Amino acid sequence: METSLASGRDILRGIARYVRERGDWALFHEPRGLDVQAPSWLADWEGDGIIARVQSPLLARAVRATGLPAVDVLGLVPAAGLPLVHVDDRAIARMAVEHLYERGFRHFGFYGLTEENWSLRRRDFFCQRVHELGGTVSVCEQPRHDGDTARWTERERELLSWITSLPKPAGVMVCSDQRGLQFLEACRQAGVSVPDELAVIGVDNDDALCEIAFPPLSSVWPAHQRVGYEAAALLDRLMAGSTPPAEPVLVPPIGVVTRRSTDVLAIPDRSLARALQVIREQACRGLSVDDVAAAAGLSRSVLQRRFRAQLGRTVHQAILDVRIRRACQLLRETDLPIPEVAEQSGFKHQEYLGAVLKKRLGKTPAQIRREAEVRPQPPTTLSGTDRPGHTPSQD
């Protein structure tokens with residue numbers, strides 16, 4: 001089991017949870033990357049069962065050669081002949097499409113990997129759902145980086161060309177968070193604004209990668225911990241003599257964790273989109289309505305009319321919304337003094353911040369901070385399966 005990716009570490013957490021509940025397993029694990037070769041100790045290992053992310057036919061043969069019950073949690077080698085527990089790529093793709101569709105996007109793109117079956121499945125299901133919803137979709141796929149600098153430079157040019165060719169605004173699904181960082185960097189090089197021109201969503205909810213991305217990357221949360229738990233449960237049954245299931249065990253995703261890369265509404269009005277971009281980026285720096293109008297190339301009165309007609313609010317309310325979100329984030333996630341929170345979120349003084357939060361949220365800054373200390377707030381917003389009446393899987 002590789003530990004270089006968040007997905008592998010989450011699978012391990014799910015296995016550990018099963019073991020805590022059962023209490024009768026001893027685990028052996030060697031930290032490793034996505035290596036294609038089998039570990040040297042496997043042939044002589046005297047264990048009772050194996051859970052593996054089978055990356056190659058060579059590793060599949062080595063696992064089968066042990067004669068032990070085994071479960072694959074990667075699915076990259078269909079001919080491995082091992083029972084599979086895996087995330088549900090169809091549900092992941094549909095969730096990504098619907099997240100973007102709900103934000104008003106009708107043009108879509110998919111950026112993925114060639115020769116990676118999980119990426120190809122996500123591509124097919126993504127395109128299928130887009131077509132069902134009546135949208136248009138464009139696909140760009142590239143092989144993994146093989147170390148050849150010349151070929152990598154050419155692929156970069158291909159990606160930049162594809163990004164430039166996409167109709168704007170559009171919603172783009174990237175096959176994984178790792179590729180998401182690369183895609184966002186390419187958008188910057190192409191001079192394409194995210195999320196105003198392209199809203200981007202990845203897969204895996206690799207929190208570290210998503211948070212260091214610029215802007216922070218929204219991502220489908222595939223429930224890899226649940227994959228680990230179900231794989232351990234299946235292995236337990238196999239070691240007890242049960243027959244392997246005929247079909248893969250597919251685990252549905254938890255939801256979409258929304259970050260800035262999709263925190264937008266698709267707006268064909270480019271002047272209005274520019275205004276929203278400026279508000280999102282500069283609202284906490286003393287931005288005024290006149291500043292926004294100048295950046296959008298509109299008069300103040302025209303800008304206000306378009307805001308009310310298309311967004312149902314004023315420019316000042318949009319600025320205030322960004323400042324409130326920033327203030328709440330700082331209160332929940334930092335120990336900054338409240339006067340400094342007010343300053344960094346664009347409020348003139350602590351009293352004004354307190355009055356606004358009390359009016360809009362019914363809470364004081366101190367109450368928001370205390371609630372976060374007692375019941376930690378996630379730094380992101382979950383959507384997709386967090387609808388009223390739905391209880392997401394507790395992983």
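Student: Why is aspartate 204 called buried?

Tutor: Buried means under 20% relative accessible area, exposed over 50%, and partly exposed in between, with a 1.4 Å probe and protein chains only. Aspartate 204 has a relative accessible area of 17%, so the residue is buried. The model is predicted: local features need pLDDT of at least 70, side-chain atom pairs count only at pLDDT 80 or more, and totals for chains, interfaces and linings use all residues. Residues are numbered from 1 along each chain as its sequence is written, and side-chain values use heavy atoms, with hydrogens and water left out.

Student: Why is glutamate 115 called exposed?

Tutor: Its relative accessible area is 75%, so glutamate 115 counts as exposed. Glutamate 115 also has a positive phi, about 65°, without being a glycine.

Student: What makes helix 9 roughly perpendicular to helix 11?

Tutor: Axes are lines fitted to C-alpha atoms, for helices over the stretch in contact, and angles run from 0 to 180 degrees between N-to-C directions. Helices (H or I, at least four residues) and strands (E, at least two) are DSSP runs, numbered from the N terminus. Angles under 35 degrees count as roughly parallel, over 145 as roughly antiparallel, 65 to 115 as roughly perpendicular and the rest as oblique. The axes of helix 9 (residues 270–282) and helix 11 (residues 300–311) cross at roughly 95° and come within 11 Å. Helix 9 is therefore roughly perpendicular to helix 11.
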